[in-house]
Amino acid sequence: MSTITLTVFLINGDFEVHTAGCRDIARTVKSGRVGNRFNIKVGDAGLDPTEYAVIADLWSDIISENVPETYSTEAKAVASYADNTKFYDCVKVLEPLGKPKAKTGQKLGTGPKAAVSQPMGSGNRETPKPSVKQAAKRDLATAVVMAAAAVAKDPGAYGLDLADISQDEAAKMVAQWLHHLPVNRDNWPAALPKPDRSDWR
Ligand SMILES: [Zn+2]
């Protein structure tokens with residue numbers, strides 16, 4: 001295939017992906033929701049033309065931080081961040097993430113997960129021991145979540161006036177923003193709802 005340019009928006013912490021030139025791009029820019037905008041290339045001179053490759057690229061920093069601590073494999077991390085990566089209908093060139101490959105009899109959407117649950121090689125599923133630095137990282141992330149929970153619980157104490165945002169809404173927002181931190185989930189603060197994500201339920 002040739003090389004195709006995709007336009008990516010970062011909006012409220014999620015990526016939204018269009019084919020460059022799509023009419024919705026101007027509409028999205030006009031909406032004022034856009035935090036960041038950039039182009040990526042897929043095809044011959046770019047990423048593999050799959051949703052997997054694009055998600056892995058867009059979230060590469062966070063994924064590398066969280067594998068294997070939060071997600072045992074890159075594939076599991078990519079499946080999780082698919083929730084935060086929206087491919088619009090104009091993006092037709094990419095092989096969908098949930099598309100079953102070759103094997104028949106699999107339900108749609110279970111492809112990658114099913115593949116993940118089967119170890120690629122035999123017996124190389126060992127989980128590396130977390131290093132001291134990884135443990136420190138997790139402690140730091142957990143402390144950040146605790147601090148955020150304190151703010152969400154009592155915004156007034158931090159000089160904030162959240163106007164129409166209720167305390168429940170604020171806590172929910174904060175939880176959604178922070179779900180990707182490499183926290184110890186057992187210590188997720190009660191003041192924050194659990195992030196509403198398939199891998200957290
Ligand atoms: Zn589009």
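**Exercise 1. Work out what share of the chain is buried, and say what kind of model this rests on.**

Start with the term: a residue counts as buried if 20 or more other C-beta atoms, placed from the backbone, lie within 10 Å of its own. By that criterion, 19% of the 201 residues of the chain are buried. The model is a predicted one, in which local features need pLDDT of at least 70 and side-chain atom pairs count only at pLDDT 80 or more, while totals for chains, interfaces and linings use all residues. Residues are numbered from 1 along each chain as its sequence is written.

**Exercise 2. Decide how confident the predictor is along the chain.**

Here pLDDT is the predictor's confidence in each residue, from 0 to 100. The chain has a mean pLDDT of 81, and 81% of its residues reach 70 or more. Over residues 101-127, however, the pLDDT is below 50, although this stretch has 22 contacts in the model beyond near neighbours in sequence, a contact being two residues whose C-beta atoms, placed from the backbone, lie within 7 Å.

**Exercise 3. List the elements and assemble the sheet.**

Helices (H or I, at least four residues) and strands (E, at least two) are taken as DSSP runs, numbered from the N terminus. The chain holds seven helices and four strands, and from the N terminus on they follow the order β-β-α-β-α-α-α-β-α-α-α. Next, call two strands paired if DSSP finds at least two bridges between them; the result is an open sheet of four strands with mixed pairing and the order S3-S1-S2-S4. Strand S3 (36-43) and strand S4 (85-87) are its edges, each pairing on one side only.

Now take the pairs in turn. Strand S1 (residues 3-11) and strand S2 (residues 14-19) are antiparallel over six bridges, with Ile11 opposite Asp14 in S2. Two residues lie between these strands in their hairpin, where Asn12 takes a positive phi near 50°. S2 and S4 run parallel and are joined by three bridges, and Val17 has Phe87 in S4 as its bridge partner.

**Exercise 4. Find the nonpolar cores.**

A nonpolar core is a set of buried Ala, Val, Leu, Ile, Met, Phe, Trp, Tyr and Cys residues joined through C-beta atoms within 7 Å. The largest has 17 residues, of which Val54, Ile55, Val78 and Tyr81 touch the most other members; helix H2 (51-58) and helix H4 (74-81) are the elements that give two or more residues to this core. Leaving aside neighbours within four places in sequence, Val54 is in contact with Val17, Ile40, Val42, Leu47 and Leu94. A second, separate core of nine residues includes Val145, Ala152, Val174 and Val183.

How values were computed. Buried ≥ 20, exposed ≤ 12 C-beta atoms within 10 Å, placed from the backbone.
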